[in-house]
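Subject: Structure handover

Hello,

Please find the structure below, followed by notes on what was found in it.

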Amino acid sequence: MGGSTRNPRVLQGDNASGQSPYQRLSRRMLDISGDRGVLKDVIRQGAGELVTPDASVLDITLWGMELGLLSMRRGELARFLFTPSYAYGTLGCPPLIPPNTTVLFEIELLDFLDSAESDKFWALSAEQQDEFPLQKVLKVAATEREFGNYLFRQNRFCDAKVRYKRALLLLHRRSAPPEEQHLVEAAKLLVLLNLSFTYLKLERPTTALSYGEQALIIDRKNAKALFRCGQACLLMTEYQKARDFLVRAQQEQPFNHDINNELKKLASYYRDYTDKEKEMCHRMFAPYNGSTVGEN
């Protein structure tokens, strides 16, 4: 699940009327826990379905926050009040949160993944997985890929590649009738492109090239695959291969800014390389003016 939260605000103290900040805020907030332990005020409405109980939640540490998320829709921004039993309890979280403190959070729900189908699939035996309907297998693979994408956006590249590889293994294992094989190949292509990019981020260009070339077996004119292969070859200082891949990518997308910039980078790197080669050759074959040892 992707979302953003602001640092919690601690609600303490009373005003002249004897009401605490918690009491003033809570009067216009919706009770979503049933005991007024989690109160909600929508700042911006979201769209689509509510977060499902089976949705995968990443990096959630508070029970109140999890309940709050289950009341939200994609794109929603809301303010929540959590009483101590739904937040940091009797211990608090020193030095920021004192013991027995009600806290205020603002949460924006960017997106979420419904992992119910995926969880059900991975709980099956290998034999049962092989009998799983193709459309559901594709959905599980897509969920794994989306998890990888979320982790990639968090710069957690090692974790992302684990998810991508899990999706790819599932797709490799799955046989499909000829009329549906194109669906499996299309899913594989997306994962292979993700893996190639991830290994570039991990500075492992040889592996990035391997996955890019596997993508080209599926779609030999795929501009993104050609671009990734060109990037990998450039990092490996295989300049001719890099140029071949990047020129092919440019032929597919002539006005792609990233491809054209990579070709400019290649030209610059290659000039530096040839200049160094010329300098080395000049030093090797330049006349030696030092003294020589004469023959007896």
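**Aromatic pairs**

The count of aromatic pairs comes to seven, where rings of Phe, Tyr and Trp (its six-membered ring) pair if their centres lie within 6.5 Å, and planes under 30 degrees apart count as stacked, over 60 as edge-to-face and the rest as tilted. This is a predicted model, in which local features need pLDDT of at least 70 and side-chain atom pairs count only at pLDDT 80 or more, while totals for chains, interfaces and linings use all residues. Residues are numbered from 1 along each chain as its sequence is written, and side-chain values use heavy atoms, with hydrogens and water left out.

One of the pairs is F82 with F105, which is tilted, at 5.5 Å centre to centre and 40 degrees between the planes. F82 belongs to strand β8 (residues 77–82) and F105 to strand β9 (residues 103–111), so the pair ties together parts that are 23 residues apart in sequence. Helices (H or I, at least four residues) and strands (E, at least two) are DSSP runs, numbered from the N terminus. Both F82 and F105 are buried; buried means under 20% relative accessible area, exposed over 50%, and partly exposed in between (1.4 Å probe, protein chains only). Ring pairs also link F80, F82 and F105 into a cluster.

Y199 and Y211 form a stacked pair, 5.7 Å centre to centre with 20 degrees between the planes. Since Y199 lies in helix α7 and Y211 in helix α8, this pair ties together parts that are twelve residues apart in sequence. Y199 is buried, with a relative accessible area of 1%, and Y211 is buried at 12%.

**Chain and cores**

The protein chain has eleven helices and ten strands. Of its 296 residues, 40% count as buried. Among contacts (heavy atoms within 4.5 Å) with a separation of 6 or more, residues 24 or more positions apart account for 62%. The accessible surface comes to about 17500 Å², and 51% of this belongs to carbon and sulfur atoms; areas come from the Shrake-Rupley method with a 1.4 Å probe, and for residues only the protein chains shown count as cover.

A nonpolar core is a set of buried Ala, Val, Leu, Ile, Met, Phe, Trp, Tyr and Cys residues joined through side-chain atoms within 4.5 Å. The largest has 47 residues, of which L171, V191, L195, F245 and L266 touch the most other members. Two or more residues come from each of α5 (134–153), α6 (157–173), α7, α8 (205–218), α9, α10 and α11 (257–285). The most come from α7, which gives nine residues. Leaving out residues up to four places away in sequence, L171 touches L138, A141, V184, A187, K188 and V191. A second, separate core has 19 residues, including L67, I97, V103 and I107.

The expected span of a helix is 1.5 Å times one less than its number of residues. For the 17 residues of α6 this gives 24 Å, and the end C-alpha atoms are 24 Å apart, which agrees. Its buried residues are F157, A160, K161, Y164, A167, L168, L170 and L171. They pack against α3 (116–122), α5, α7 and α8.

The 21 residues of α7 (residues 181–201) should span 30 Å, and its end C-alpha atoms are 31 Å apart, which agrees. After α7 comes E203, whose phi is positive, near 60 degrees. K188 is found in α7 and counts as buried at 12% relative accessibility. Neighbours within four places aside, K188 is in contact with L168, L171, H172 and I218.

**M236 and the cysteines**

M236 lies in the loop between α9 (223–235) and α10 (239–252). At 22% relative accessibility, M236 counts as partly exposed. Not counting residues up to four places away in sequence, M236 touches P205, T206 and L209. M236 and L209 are 27 residues apart in sequence and 9.7 Å apart in space, C-alpha to C-alpha.

The structure holds zero disulfides, a disulfide being a pair of cysteine sulfur atoms within 2.5 Å. For C229, the closest cysteine sulfur is in C233, 6.6 Å away and too far for a bond. C229 counts as buried, at 0% relative accessibility, whereas C93 is partly exposed at 36%.

Regards
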